[in-house]
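This report goes through the strand pairing, the aromatic contacts and the confidence of one protein model. The sequence and structure come before the text.

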Amino acid sequence: MLAATNPQPCTTNGATWDSSFLAVYHLAGVNAAGACWDSTAFRRDATNYSTTAVAGPFGSGRAFNGTSSWLATGASYLGNVGPKLTISMWLLFLHGGWPLF
């Protein structure tokens, strides 16, 4: 039984994300420095440039204005990920306050 011989980190050390996760940003808020925090043990917090808090379908998120707001990760660590990389997100595109889709 694979699960018994290789238990998930959350069952052994309380960590939700194992070391294969380079960074996880939930975007629910910002820390005291104004950065969006990384939920992994690496603590690669993303610098917030003019995003604002917004309600999302599963809690809070961040709003990007499409021109001058972004998050910067200093993601030099992404150069070593090899051929496998997954980026996952929920997006809602608005135009004039209305969803585009």
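## Strands and ring contacts

In this predicted model, 3 strands form an open sheet in the order S1-S2-S5, with antiparallel pairing. Strand S1 (35-36) and strand S5 (70-72) are at the edges with a single partner strand each, so one side of each has no neighbour in the sheet. Strands are DSSP runs of E with at least two residues, helices are runs of H or I with at least four residues, and both are numbered from the N terminus. Two strands pair if DSSP finds at least two bridges between them.

Residues are numbered from 1 along each chain as its sequence is written. Local features need pLDDT of at least 70 and side-chain atom pairs count only at pLDDT 80 or more, while totals for chains, interfaces and linings use all residues; side-chain values use heavy atoms, without hydrogens and water.

| Strands | Bridges | A residue and its partner |
|---|---|---|
| S1 and S2 | 2 bridges | Ala35 and Thr47 |

A hairpin of 2 residues joins S3 to S4.

The structure holds 2 aromatic pairs. Rings of Phe, Tyr and Trp (its six-membered ring) pair if their centres lie within 6.5 Å; planes under 30 degrees apart count as stacked, over 60 as edge-to-face and the rest as tilted. Tyr49 and Trp70 have ring centres 4.7 Å apart and planes at 20°, so this pair is stacked. The pair links distant parts of the chain, with Tyr49 in strand S2 and Trp70 in strand S5, 21 residues apart. Tyr49 is partly exposed at 37% relative accessible area, and Trp70 is partly exposed at 43%. Buried means under 20%, exposed over 50%, and partly exposed in between (1.4 Å probe, protein chains only).

Asn48 is also in strand S2. Leaving aside neighbours within four places in sequence, Asn48 is in contact (heavy atoms within 4.5 Å) with residues including Ala35, Trp70 and Leu71.

How far can the coordinates be trusted in detail? Where pLDDT is low, they should not be read in detail. pLDDT is the predictor's confidence in each residue, from 0 to 100. The mean pLDDT of the protein is 78, and 74% of its residues reach 70 or more.
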